[in-house]
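Look over the sequence and the structure shown below.

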Amino acid sequence: MERYAFARSVDLRRNKIFFAERILVNLGVKLSASGSLPKPWACLPHTYKNRMHPRTVAYSQVTITELMIPSYANFGGKIHGGILLSLMDKVAYACATKHSGAYCVTVSVDTVDFLQPVEVGDLVSLKASINYVGNSSMVVGIHVIAENVKDGVVKHTNNSYFTMVAKEDNDKLTTVPPLILSDKEEVRRFVEAIHRKDLKKEAAERMQETKKVFQLENVMSLLEKERCEIAFAAK
């Protein structure tokens with residue numbers, strides 16, 4: 001009886017190994033020459049085995065689609081801008097994390113353009129793509145459309161650029177894989193992101209300089225053209 005139980009246990013184990021091997025083969029994992037299972041780290045797909053392997057823009061493109069319900073509306077009956085920003089942040093995180101293979105956080109949001117209002121009942125789709133990569137940072141471009149599911153009318157409602165950074169488990173920044181640019185459009189977006197970054201840096205430096213040299217009497221002529229009033233005695 002004991003011998004039968006032992007033999008049955010061995011057979012069950014062999015069956016489990018056999019089915020595990022078949023699953024790995026179906027996933028594209030190569031077994032060793034003897035047919036035995038490879039070391040655990042050798043079972044990982046190539047993109048995970050070497051996280052710094054360059055990746056295409058298409059590899060990490062993500063689209064999130066959500067129906068706009070009444071609870072998303074503001075006092076004017078349109079979809080609240082904060083709802084759309086939250087969805088943009090979600091799709092930016094998914095796109096950046098897929099490219100980097102690491103946990104990502106949002107560090108800045110540039111030029112959120114609200115081109116047209118979004119209505120209750122619209123089906124909103126947010127498409128995110130990696131436009132640019134630095135060392136640990138990525139610029140995610142987001143294109144938003146809203147479709148009226150009753151009449152099929154589709155409108156472009158939002159554009160935005162989210163800058164994300166990748167982090168390790170210890171909260172330190174980590175390097176992200178290079179980006180493969182497959183066509184002229186992807187090259188254009190990459191170059192635009194470089195120029196946008198340079199302009200942002202230049203604008204920040206100019207604002208710091210403006211703060212340093214600010215004198216009220218020097219800006220009075222500028223304010224005369226604006227819709228404001230000085231409610232105190234300028235000294």
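Two residues are in contact when heavy atoms of theirs lie within 4.5 Å. With that in hand, consider what the buried residues of helix α5 touch in this predicted model. They pack against α3 (57-60), β4 (122-133) and β7 (179-180). The buried residues of α5 include E186, F190 and A193; buried here means under 20% relative accessible area.

Helix α5 itself covers residues 184-213. Where the helix starts, a side-chain oxygen of D183 comes to within 3.1 Å of the backbone nitrogen of E185.

E185 also takes part in a salt bridge. Its side chain meets that of R188, with 2.3 Å from N to O. Both residues belong to helix α5 and sit three residues apart, about one turn of the helix. An α-helix has 3.6 residues a turn, so residues three or four places apart point the same way. R188 counts as partly exposed because its relative accessibility is 38%, and E185 counts as partly exposed at 34%.

Another residue of α5 is V191. Together with L181 and V187, V191 forms a nonpolar patch on the surface, and the three have about 190 Å² of accessible area together. V191 has a relative accessible area of 36%, so it is partly exposed.

Now turn to salt bridges elsewhere. The structure holds six of them. One joins E119 to K78, where the closest N and O atoms are 2.7 Å apart. This pair links distant parts of the chain: E119 is in the loop between β3 (103-114) and β4, K78 is in the loop between β2 (62-67) and α4, and 41 residues separate them. E119 is partly exposed because its relative accessible area is 27%, and K78, at 32%, also counts as partly exposed. Side chains of opposite charge can pair when their charged atoms come close.

A further salt bridge runs between K167 and D171, with 3.4 Å between the closest N and O atoms. Is K167 buried or exposed? K167 has a relative accessible area of 19%, so it is buried, given that the cut-off for buried is under 20%.

Helix α4, residues 81-100, contains T97. The side chain of T97 reaches the backbone oxygen of Y93 at 2.8 Å. Setting aside neighbours within four places in sequence, T97 is in contact with A102 and C104.

Last, the protein as a whole. It has six helices and seven strands, which follow one another along the sequence as α-α-β-α-β-α-β-β-β-β-β-α-α. Of its 235 residues, 27% count as buried. Among contacts between residues at least 6 apart in sequence, 68% join residues at least 24 apart. The protein exposes about 16200 Å², and carbon and sulfur atoms supply 58% of that area.

Technical notes: Residues numbered from 1 in each chain as written. Predicted model: local features only at pLDDT ≥ 70, side-chain atom pairs only at ≥ 80, totals over all residues. Heavy atoms only, no water. Helix = DSSP H or I, 4+ residues; strand = E, 2+ residues; numbered from the N terminus. Expected span 1.5 Å × (residues − 1). Buried < 20%, exposed > 50% of the residue type's maximum accessible area, 1.4 Å probe, protein only. Polar contact = N/O pair within 3.5 Å; in protein donor to acceptor, adjacent residues only side chain to side chain. Patch = residues over 30% accessible without salt bridge, like charges linked within 9 Å, V, L, I, M, F, W, Y side chains within 5 Å. Areas by Shrake-Rupley, 256 points an atom, 1.4 Å probe, with all protein chains shown as cover. Salt bridge = Lys/Arg side-chain N within 4 Å of Asp/Glu carboxyl O.
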